Amino acid sequence: MTENKSNDLKTILLAGLAVAILLSVLAPFLASSNPDGLESAAEDVIDEHTFAEMEENEPIIGALMPDYAIAGFGKAGEVGAIFIGSIFMLGLGLGVGKLFEKKI
Amino acid sequence: MHIPDAFIPLDQAIVYWIIVIPFIALSIRWARQEMDDMKIPLLAALAAGIFAIQAMNIPVGMGTSGHMVGAVLAAIILGSPWAGVLLLTLVLFVQALGFADGGVTTLGANILNMGLISGFVGYYTFIGLKKIKLSMPIAAFGGAWLGLFISSIACLLEMTLAGTFPLVPGLIAMGTYHAIIGVIGEGAITAVAVSAIAQARPDLLSQFSDEAVTT
């Protein structure tokens, strides 16, 4: 790897990290809590009773940090959850990229 | 647009898995041919960036919000719609298992809509718009908008087959919300990001220069 390419790698990873940190700090405060397009459409077209039943259904597999929050930590937990997820994705992306790296 | 478990019966959810698995395999084949010193960090940065931006729900009026999907941006930056399939597969898995965002049984449908359909429709619309000599940001906007819109219609059709949504009211609701989400959440952000990259690192997008796409 030449020095240029190694600098590229660091710069791109740092840019990804910067975007992830910025968004994880901002999203819990700025993101809208309104339902998304699919949920809104569901509220519009499914009768109230059926929709309420569907909402109550527990996910098939319990998630580690449901709804991008860490129970009991409020907004800090939301920042933490998105941050942890982003860093995990950075590592996962790097790992998957390395795993499939083309052999020359 | 993350479909929860309760919205699609298990047998149908399995069908979407069967449809999408060969495409995930093809996206891995793409990665084996493309991953180099430059594209590995881009893949990682996009994985983190797409995950984080999907947490940013933007209000779009009518009591509704929406967020970017990001498959089209990933496809443009990495030069292939397979990048969108691979990245959205990774992001959607982590969202479902880690954050209960989208179901686990419905992951196949979600990867089909947000990775495959949104990425392919968006990327090839972008290429088509570049070929008729539209500027980079306008082509990126058009591709990102159409990618999101068509994937929301695919999602509606799945909901209708599942018996969850009636066709016509569902089409009106999903179409209206996602036409707006596509402008703000997908189109505008993709156009701004592509413009910023074209300024900072024109080499990454050199294959889409006017000379390259029209020859």
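Colleague: Is A:Glu39 buried, exposed or partly exposed?

Modeller: This is a predicted model, in which local features need pLDDT of at least 70, side-chain atom pairs count only at pLDDT 80 or more, and totals for chains, interfaces and linings use all residues. Residues are numbered from 1 along each chain as its sequence is written, and side-chain values use heavy atoms, leaving out hydrogens and water. Buried means under 20% relative accessible area, exposed over 50%, partly exposed in between (1.4 Å probe, protein chains only). A:Glu39 has a relative accessible area of 34%, so A:Glu39 is partly exposed.

Colleague: In which helix does A:Glu39 lie?

Modeller: Helices here are DSSP runs (H or I, at least four residues), numbered from the N terminus. A:Glu39 belongs to chain A, in helix 2.

Colleague: Is B:Asn113 buried or exposed?

Modeller: B:Asn113 is in helix 5 (residues 107-131) of chain B. Its relative accessible area is 0%, so B:Asn113 is buried.

Colleague: Which residue meets A:Lys75 in a salt bridge?

Modeller: A salt bridge is a side-chain nitrogen of Lys or Arg within 4 Å of a carboxyl oxygen of Asp or Glu. The N to O distance is 3.9 Å, and the partner is A:Glu78.

Colleague: How many salt bridges does the structure hold?

Modeller: Besides that pair, B:Glu34 forms one with B:Lys39, and B:Arg201 meets B:Asp203 in another. Over all chains, the number is three.

Key
Chains are lettered from A and ligands numbered from 1 in the order in which they are written. Helices (H or I, at least four residues) and strands (E, at least two) are DSSP runs, numbered from the N terminus.
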